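Take a look at the fold below.

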Amino acid sequence: MGTPETSREPCPDRILDDVGGAFGMGAVGGSAFHFLKGIYNSPKGERVFGGAQAVRMNAPRIGGSFAVWGGLFSAFDCSMVYLRQKEDPWNSIIAGAATGGLLQMRQGLRAASRSALFGGALLALIEGAGIVINNVMVAQQEAPIYVDDPTAGAPGPPQEATAPSPATSSSSSWFGDMFGGEKQGEKEMKIGGEILESFDSPIPPTFEFK
C-alpha cells in the first residue's frame, strides 16, 4: 500500500486534479449550507424557492474559492517536490503554510503570518492522521493468521470407568443412614449373590424344582 504522498497523481497532473476536486467539494458543501440557510431566511410559502436562489448565488463563489486554494496548494506542493526531489509530508505542510499566507497577503503581514501558521498546522494534522491510518491498515494486513489445529480438540484414549465406592455412594445423601441406606445396600448384595449362584448350576441343567 502506498503512502498518502505516493498515492496521489504525479505532478503536474496533480494540480488539475486538485483544482477539480476542490471545486466540487466547495460547490457541494456550499450548496447544502446555503440551501438550508435560504430555507430558514425565506418567508413561509417561498422557502424552497429562496433556498434554490441562495444556492444559485453562493455555490459557484464558494466552489471557486476552494478551487483557487486547491490550485495554489498543488502548485506549491509540486514546487517543493521539484526543489527537494522527494515526496514526504513536509511538502504538504510547507505548501499549506505558503498557500494560507499568500491568500491573506492583501490583509497585511500580520494576517498573512497568522494564516500561514494556521494553514501549516491544519496540513500537519491532516498528514499526521493520514500516516496513522495508513500504518494501522498496513499492520492489519501484515498480521499473522492463526489456523486452528484440527488435532487440538481430538478425543483422547478411552479411560476405564471406575465403580463408585460404597463410601462415596452412601455419602451422596445426607439422610442415607436415617432412611435405611445400609439395608438397601445389603439387599443389592443379596440379589447379586443369587445372580452369581445361577451361573453355578450344573451342566447339563436339570429341571428339578428346589
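A salt bridge here is a side-chain nitrogen of Lys or Arg within 4 Å of a carboxyl oxygen of Asp or Glu. Searching the whole structure turns up three salt bridges. In one of them, Asp77 pairs with Arg14, and the closest N and O atoms are 3.0 Å apart. Asp77 belongs to helix α2 and Arg14 to helix α1, so the pair ties together parts 63 residues apart in sequence.

The model is predicted: local features need pLDDT of at least 70, side-chain atom pairs count only at pLDDT 80 or more, and totals for chains, interfaces and linings use all residues. Residues are numbered from 1 along each chain as its sequence is written, and side-chain values use heavy atoms, with hydrogens and water left out.

Now the helices. Helices (H or I, at least four residues) and strands (E, at least two) are DSSP runs, numbered from the N terminus. Axes are lines fitted to C-alpha atoms, for helices over the stretch in contact, and angles run from 0 to 180 degrees between N-to-C directions. Angles under 35 degrees count as roughly parallel, over 145 as roughly antiparallel, 65 to 115 as roughly perpendicular, and the rest as oblique.

Start with α1 (residues 13-41) and α2 (residues 47-84). Their axes come within 5 Å and cross at roughly 155°. That makes α1 roughly antiparallel to α2. The contact of α1 with α2 has 21 nonpolar, 13 polar and five charged residues. In these classes, Ala, Val, Leu, Ile, Met, Phe, Trp, Tyr, Cys and Pro are nonpolar, Asp, Glu, Lys and Arg are charged, and the others, Gly among them, are polar.

Next, α2 meets α3. They pack at an angle of about 135°, with axes 8 Å apart. That makes α2 oblique to α3. This crossing is right-handed.

Then comes α3 against α4. Their angle is about 150° and their axes are 7 Å apart. So α3 is roughly antiparallel to α4. Their crossing is right-handed.

What space does the largest pocket hold? It holds about 290 Å³. Of its 13 lining residues, the closest to the centre are Trp69, Phe73, Leu122, Leu123 and Ile126. Elements giving two or more residues to this lining are α2, α3 (89-103) and α4 (109-141). The most come from α4, with seven residues. By class, the lining has seven nonpolar, four polar and two charged residues. A pocket is an open set of points on a 1 Å grid over the protein atoms alone, where a 1.4 Å probe fits, with protein on both sides within 12 Å along at least five of seven lines; lining residues have an atom within 4 Å of a point. Grid points are joined across faces, edges and corners, and the volume is the space filled by probe spheres set on them.

Two backbone details remain. Most residues other than glycine have a negative phi, and most peptide bonds are trans. Cys11 and Pro12 are joined by a cis peptide bond, with omega about 0°. Pro12 sits in the segment before α1. Gln85 has a positive phi, near 60°. Gln85 lies in the loop between α2 and α3.

Key
Left-handed = near helix turned anticlockwise from the far one by under 90°.
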